[in-house]
Amino acid sequence: MKVVDRKISLTTQIIRVAWVSWFAVILGFFFYNYQLSTKTFETELERNFNQTARVVKQLMENRLQTIQVTQDIASKSRTLIELFDSEQYRAVDNYMLELEEFDPDGAADFRFMYRYGELAWEDGNAAFYGFSHAQLMALGNEVDFSNSWYFLVPSTSLGNKHTMIRRSPLINAESGELVGYYFVVLVLDNNLRLIRNVILDGNINDLMLVENGEVIAASSPKMIKLLEQGSPLRLEEQTQYDSEMISQVDLIVGGVLTPVKAVFVQNTSKLDRVEISFAASLMLALFAITASAVIITQIVQRRVEREIKGVMYLADSFDSAKKTISFKGSNIIEFDRLGHTLQASIRREKQKETSFKNLFEFSLLPTALLNSDKQVLELNPAAIEAFANDRGAVALKKELDTYFDRVLETQQNAEVDTLVEEQIYRWSIAPILVDGASPTLVVQGKNITQFIEAERQSERARQEAEQTAVARAEFLAKVSHEIRTPLNGILGMAQLLKQGAISDEQKQQTYVLHESSEHLLNLLNDILDFSRIDKGGVVIEYSEFSLNRALETIESFAEPSCLQKGLKFVVNKNFDDDVTVRSDQMRLTQIFLNLLTNAIKFTSKGAVAVDVELRNRLADRAELYFSVTDTGIGIAKDNLDSIFSSFTQADAHISREYGGSGLGLSIVKSLVNYLEGKIKVESQLGNGSRFSITMPILTIERKQALPEIQEEQSFVFEGEVKVLLVEDNNTNAFVIQALGKKHGLVFDWVTDGVQAIKKAQDNQYDLILMDNQMPNMDGVEATEKLRNELGLSTPIIACTADGYQSTADAFLSAGANAVLVKPILEESLVQTLRKVMENA
């Protein structure tokens with residue numbers, strides 16, 4: 001922090017700040033008023049000139065309008081038309097003179113008439129402006145349309161003339177014949193009558209008509225004389241208007257903008273004097289305000305000095321070794337508050353000092369204070385007791401020396417564990433930072449021996465739990481493999497017997513055998529699903545699919561089961577048939593089928609109803625609602641909370657009467673949670689149940705509908721298909737060969753991976769069916785050797801009793817084309833063979 005050598009009193013600082021503030025306010029006030037007055041004058045001038053410009057423009061247009069009205073009256077006069085048509089031009093002269101005497105303001109500078117394209121009459125005034133007979137003819141030919149003003153600059157013997165010309169037709173009222181044209185011309189050059197009329201009516205000093213910077217007419221006598229002499233005048237050369245303001249307005253005739261501008265001059269000397277007077281008033285006000293500021297500042301200074309003395313006395317008396325000094329208060333609110341705040345601060349500092357001393361002395365935790373040189377300043381009684389054999393805490397300093405350096409360097413807290421007298425202490429090291437002083441270290445320890453022991457026991461328990469979970473998973477995998485192997489034989493033979501049954505009794509027996517096998521397979525799948533969920537092995541795979549088609553698949557399963565039990569099956573859909581969604585189709589179907597299977601199993605009469613709806617739809621998402629309602633046995637209210645537990649059913653007799661593992665609803669709830677949804681059950685014992693699910697789902701906008709699902713056609717292999725079957729179990733080998741021979745497959749059978757590699761080297765096969773767990777060499781290793789070492793491209797289908805995804809992934813990584821999970825169903829086998837052979 002920078003130390004200031006020169007110090008000043010608070011009063012002086014306040015006065016300086018006050019003066020600076022006064023100066024800024026006064027300067028701002030003066031500048032603001034000056035700007036305001038200047039802006040006001042400028043606005044007023046602009047308004048005045050704009051108003052004058054409108055008046056000048058209107059007067060110029062009025063002059064032309066008067067000439068135009070007079071022309072229109074004359075051109076429609078029957079008398080004039082008859083005189084002109086009968087070529088009585090002398091009478092036409094007299095008519096025009098009478099018209100000019102009657103309305104001198106409506107008379108143009110000169111007039112002329114055409115008959116059949118030839119000049120027939122002119123009033124004689126054109127010669128005064130230097131127009132010859134031929135030039136009049138040329139001037140009239142420049143006019144293309146009647147009743148419109150034209151701005152023309154013809155060349156005459158007196159130079160270029162800036163003219164406004166207008167033509168009116170002369171039409172015989174009786175015959176309707178066009179007998180001629182009547183032209184009126186206004187010459188702008190040095191047109192004194194026009195300019196003087198505008199000056200008188202427009203309340204302006206001078207007026208000039210300017211075309212491209214050249215003055216063609218003016219009201220100033222000096223400029224009139226120069227114009228009469230033919231001298232060219234430029235507007236920018238006129239310096240006699242220094243104290244006056246000049247403005248200009250475009251001359252517009254008949255809505256047509258001409259290059260001529262009316263430039264008018266106004267004397268603004270009076271406004272200038274008013275502005276000077278206002279500025280003088282501001283200066284006088286500035287002087288008066290400054291004098292007032294000096295007087296007020298002196299008064300404030302004396303008052304502040306008197307009141308601040310009391311606060312300064314309290315500040316000078318601040319000493320922690322003395323008793324608190326009383327403060328009598330101040331008449332100034334800020335100083336009174338400052339004094340009382342300072343007095344309260346003294347009390348708090350003393351209280352802090354006392355509190356810290358008490359905390360240090362009476363703390364049950366060993367605490368030490370060290371300076372920045374890592375020397376012990378003080379030990380509290382708990383620390384003295386802990387270091388009974390080391391009163392200087394030399395061993396502790398040696399253990400924590402590195403951490404002391406780190407805390408002093410980073411000025412951040414640190415923690416470290418050490419062993420003191422066979423006890424484990426956790427030391428917290430914190431720096432006490434005071435501006436301008438070296439940091440002091442506070443070292444406080446806590447005996448955590450029991451806590452560390454509890455952590456060790458917790459870690460041992462966690463490891464044991466993980467080992468138990470791994471053992472359970474391995475047990476389930478082994479049980480799954482051992483059960484699926486004989487189940488593959490049972491289910492395979494059931495399929496073969498079912499297809500070969502002839503009598504009704506045989507069909508009934510094979511049906512019971514097949515259904516029992518299917519039930520055992522479902523039970524096994526439930527156990528494996530539960531195992532995957534329990535160990536967190538469920539992977540959600542999102543894909544796009546038709547919600548309507550997924551529901552049709554579920555209907556095709558549930559409807560025959562309901563019809564077989566005499567139940568009514570109802571599906572209510574509240575969504576568009578072509579809607580496409582994005583979710584895990586397999587898990588979603590599994591949830592729906594589990595709920596439907598439960599409803600059908602526990603309902604002996606009545607109906608099973610399904611409701612599906614997309615709620616709260618937005619652009620790309622919605623809420624999927626799915627409910628299954630049945631009229632079955634229902635669930636007692638006190639059992640509703642336990643039905644989603646694993647291996648649990650609503651009542652003990654249900655398991656005996658209806659069968660099942662009690663895992664179905666537990667799996668459903670877990671999968672719903674994985675898909676971020678919620679499941680709810682409503683039931684009454686004896687009156688059925690309703691299970692409803694809501695979950696978020698993405699909706700996909702498609703311009704084209706998804707392709708229609710084609711009906712499966714029976715697949716027939718063309719020619720002989722030679723298959724190498726690698727299977728160590730005789731029953732499984734028999735079942736697979738029996739199912740395959742029906743479809744024209746020819747088998748070579750070996751019992752392990754080593755034999756399979758030798759057979760593949762010596763023979764050519766169209767397909768290889770590979771078991772997993774076999775003696776000598778398992779299926780994954782054999783597949784990898786066939787692909788990598790032999791370079792075999794023959795399609796390989798893995799047949800494993802292990803239903804875990806990790807096993808399937810291992811086979812696919814080794815080079816297998818597909819994976820079948822035992823027991824192998826004929827339909828699944830044929831579909832997989834077809835798919836692999838078509839892609840080979």
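Me: Which strands does helix α21 lie across, and at about what angle does the helix run to β28?
Reply: In this predicted model, helix α21 (residues 826–839) lies across β24, β25, β26, β27 and β28, and runs at about 175° to β28. Contact here means heavy atoms within 4.5 Å. Axes are lines fitted to C-alpha atoms, for helices over the stretch in contact, and angles run from 0 to 180 degrees between N-to-C directions. Helices (H or I, at least four residues) and strands (E, at least two) are DSSP runs, numbered from the N terminus.

Me: What is the strand order of the open sheet of five strands?
Reply: Strands of a sheet pair through backbone hydrogen bonds, either parallel or antiparallel. Two strands count as paired if DSSP finds at least two bridges between them. The order here is β25-β24-β26-β27-β28, with parallel pairing. β25 (745–750) and β28 (818–821) are at the edges; each has a single partner strand, so one side of each is left without a neighbour in the sheet. From one strand to the next, the twist averages 25°. Helix α17 (residues 730–741) also packs on the sheet, where it touches β24 (721–726), β25 and β26, and its direction makes about 165° with that of β25.

Me: How many bridges join β27 to β28?
Reply: Four bridges join these parallel strands. T800, which lies in β27, stands opposite V821 in β28.

Me: Is T800 buried or exposed?
Reply: Buried means under 20% relative accessible area, exposed over 50%, and partly exposed in between (1.4 Å probe, protein chains only). T800 is buried, at 1% relative accessibility. Beyond its neighbours within four places in sequence, T800 contacts D771, N772, T807, F811, V819, L820, V821 and K822.

Me: Which feature does UniProt place at D771?
Reply: An unreviewed UniProt entry places "modified residue: 4-aspartylphosphate" at D771. UniProt positions are given in the numbering used here, feature names are shortened, and annotations may be inferred rather than shown by experiment. D771 is in strand β26 (residues 767–771) and is buried, with a relative accessible area of 2%. With neighbours within four places in sequence left aside, its contacts are V726, E727, D728, G779, C799, T800, F811 and K822.

Me: Which residues of helix α19 are buried?
Reply: In α19 (residues 779–788), the buried residues are G779, V780, A782, T783, L786 and R787. They cover an arc of only 165° around the axis, which puts them on the same side of α19; the arc is that of the directions from the helix axis to the C-beta atoms. Their cover includes α18 (753–762), β26, β27 (796–800) and α20 (805–814).

Me: Which residue caps the N-terminal end of α19?
Reply: D778 caps that end, with a side-chain oxygen 3.4 Å from the backbone nitrogen of V780.

Me: In which sense do β15 and β16 pair?
Reply: Strand β15 (residues 423–432) and β16 pair in the antiparallel sense over eight bridges, and W427 stands opposite G445 in β16. Strand β12 (residues 367–370) and β16 (residues 440–447) pair in the antiparallel sense over four bridges.

Technical notes:
Residues are numbered from 1 along each chain as its sequence is written. This is a predicted model: local features need pLDDT of at least 70, side-chain atom pairs count only at pLDDT 80 or more; totals for chains, interfaces and linings use all residues. Side-chain values use heavy atoms; hydrogens and water are left out. A polar contact is a pair of N or O atoms within 3.5 Å; within protein, one must be able to donate a hydrogen and the other to accept it, and residues adjacent in sequence count only if both atoms are side-chain atoms.
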